[in-house]
Amino acid sequence: MAKHETPLLDELEKGPWPSFVTDLKRQAETKPECWDILGQLELSYKDRITHWKHGGIVGVFGYGGGIVGRYSDVPAQFPGVEHFHTVRVAQPSGLYYTTENLRALMDLWEKYGSGVTNLHGSTGDMIFLGTRTENLEPLFWDLTHDLGQDLGGSGSNLRTPACCLGESRCEWSCYDTQEICNHLTQHYQDEIHRPAFPYKFKFKFSGCANDCVAAVARSDFSVVGTWKDQIQIDQAAVKAYLNGDEGYPVNGGAHKGGDWGPFDIQKEVFDLCPTQCMWMEGDELKIDDAECTRCMHCINVMPRALRPGKEKGASILMGAKAPILDGAQFSTLVIPFIEINKENDFEEVIDVIEKVWDWWMEVGKNRERVGETMQRVGLPTFLSVMEIEPLPQHVREPRSNPYVFWKEEEVPGGWDRDVKEFRKRHAA
Amino acid sequence: MAQIEHNGTTYEVDEDGFLLKGADDWDENWIDYVKGVEGIPEITDEHQKVIDALQEYYKKNGIAPMVRILSKTTGFPLKRIYELFPSGPGKGACKMAGLPKPTGCV
């Protein structure tokens, strides 16, 4: 495969950011099909339209997903990308790797594919970009037999779950996000590999409300760590922040690039607290924890002085999705607090998952995300099928319209009324 | 577009081996061909039941059934469908039944 002229792409080798064009050119020295990736992309830049054909159904025996088929619509011009399938490889929770494992994966991918990757796809998978149909089964064989690794999910199924790095290196994580992410991934292998749902379904696990894996925006089932008791305060460390002591930079030094003046706790913490539940009493920091919504702001500003409480767990929110079909949604609060319990293999969380799946698999329409099913039936119906008592915490504000449905048994006399009886008192 | 010849009959297919003209070109010989490429040793009554269910649903509704509906109408749990069709209901059974290629975010 020959080099192609790529004047438009060459522009993207300028500037300080790592250039994907430079990387692809380097890869093309050993994998000549990469010239055709560049060539077809250059053509797309020129034509301002994609040159991949619609769809593509390829895979490995036993699984209904994991590989995204792609074919060039200009294969004669760019034979190196005639087939250009994408393989999703399940990633370790928190994306920690050894170089040994990465080298083994890359050796495998150099052998069977283009050597080009996406580290990682938005859902979390390690993505191998570009191979031919006949390579899929041998690649899968080696991946499973030699490396003990598996494919990720694609299609109308449970997609590859992902988490923030949690307790591995964050003092705010309220549960072991990696452990539950890994456990549920193993527990639901069938649901990941064999599409059985009305549409896709995603899990994401964040250790706290900072939500570093964006669970609330990008998963149908979002688990976000929180605590029930008081924020832990180290008053001596609070004083160190107030004094501007060395080793106590505000926000861990996140704003040190600009001159924001000395730390002003009133302005930077108390006035910004969304519920205004903090104050100083003498030189003691006070928090009215009953009014605290656990937004993380004060903890983010003074990480050495403030910590999440000791009674930890998580909130479960559901229904986030991108705009198609009926508008973008964040997940909505369903369970304010749930124990995340390793000892019983996360039984409480699994119960909730099973309940929402049992219901959604039955009533969800074809290609209807669970968030849309929730919208269609309404929150009250959804909560009742989930066997959850409605709480004020379930809404941001009560409804403003009066179109309230009542169940017949809630209304004395029921719905069966005789108009003649009514006419006896109110002549027409 | 590619052509496939099997036992003297020629079929027009796309890159993934799905029949381009669907039911117009579909015949028993097509089942025999797909059997070979989809890792199925022998076509049993159970295979036929899945194929019939897919074709009937498609004729009536113009789309392939959801997996849950296929399981309900055939009485086969998803696990059994994968035992019958190793590539699954989409790539395996729909291809063999001559239904159009599944689309969307797969």
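In this predicted model, 24 residues of chain B are in contact with 29 residues of chain A. The size of an interface is often given as the accessible area lost when the parts come together. For chain B and chain A, that buried area is about 2,100 Å², with 55% of it on carbon and sulfur atoms.

Three salt bridges are found between chain B and chain A, and the side chains of K53(A) and E15(B) meet in a salt bridge with an N to O distance of 2.2 Å. On the side of chain B that touches chain A, the elements giving two or more residues are α3 (67–74) and α4 (78–84) of chain B. The residues on that side of chain B comprise twelve nonpolar, eight charged and four polar ones.

G39(B) provides a further point of reference in chain B. This glycine lies in the loop between α1 (28–37) and α2 (45–61) of chain B. Beyond its neighbours within four places in sequence, G39(B) is in contact with F61(A) and P86(B). Although 45 residues separate G39(B) from L84(B) in sequence, their C-alpha atoms are 9.4 Å apart in space.

Attention now passes to chain A as a whole. Chain A contains 15 helices and 13 strands, and its C-alpha trace spans about 85 × 75 × 45 Å along the principal axes. Of the 428 residues in chain A, 47% are buried. Among contacts in chain A between residues at least 6 apart in sequence, 63% join residues at least 24 apart.

One part of chain A is an open sheet of five strands, arranged in the order β5-β6-β7-β12-β13 with mixed pairing. Strands β5 and β13 (332–338) of chain A stand at the edges; each has a single partner strand, and therefore one side of each is left without a neighbour in the sheet. Within the sheet, β7(A) and strand β12 (residues 312–318) of chain A run antiparallel and are joined by seven bridges. Across this pairing, W227(A) stands opposite K312(A) in β12(A).

Strand β7 (residues 221–227) of chain A also holds S222(A). Is this serine buried or exposed? S222(A) counts as buried because its relative accessibility is 0%. Its side chain is joined to that of S331(A) by a polar contact of 2.8 Å. Apart from neighbours within four places in sequence, the residues in contact with S222(A) are K204(A), A215(A), V216(A), S315(A), I316(A), L317(A) and S331(A).

Helix α6 of chain A packs against parts of the sheet as well as against other helices. This helix covers residues 177–187, and its buried residues are T177(A), Q178(A), I180(A), C181(A), L184(A) and T185(A). The buried residues of α6(A) pack against the strands β5 (162–163) and β6 (203–206) and the helices α7 (189–193) and α12 (347–363) of chain A. Both β5 and β6 belong to the five-stranded open sheet of chain A.

Technical notes
Residues numbered from 1 in each chain as written. Chains lettered and ligands numbered in written order. Predicted model: local features only at pLDDT ≥ 70, side-chain atom pairs only at ≥ 80, totals over all residues. Heavy atoms only, no water. Buried < 20%, exposed > 50% of the residue type's maximum accessible area, 1.4 Å probe, protein only. Helix = DSSP H or I, 4+ residues; strand = E, 2+ residues; numbered from the N terminus. Contact = heavy atoms within 4.5 Å. Polar contact = N/O pair within 3.5 Å; in protein donor to acceptor, adjacent residues only side chain to side chain. Buried area = accessible area lost by both parts, 1.4 Å probe. Salt bridge = Lys/Arg side-chain N within 4 Å of Asp/Glu carboxyl O. Nonpolar A, V, L, I, M, F, W, Y, C, P; charged D, E, K, R; others polar. Pairing = 2+ DSSP bridges.
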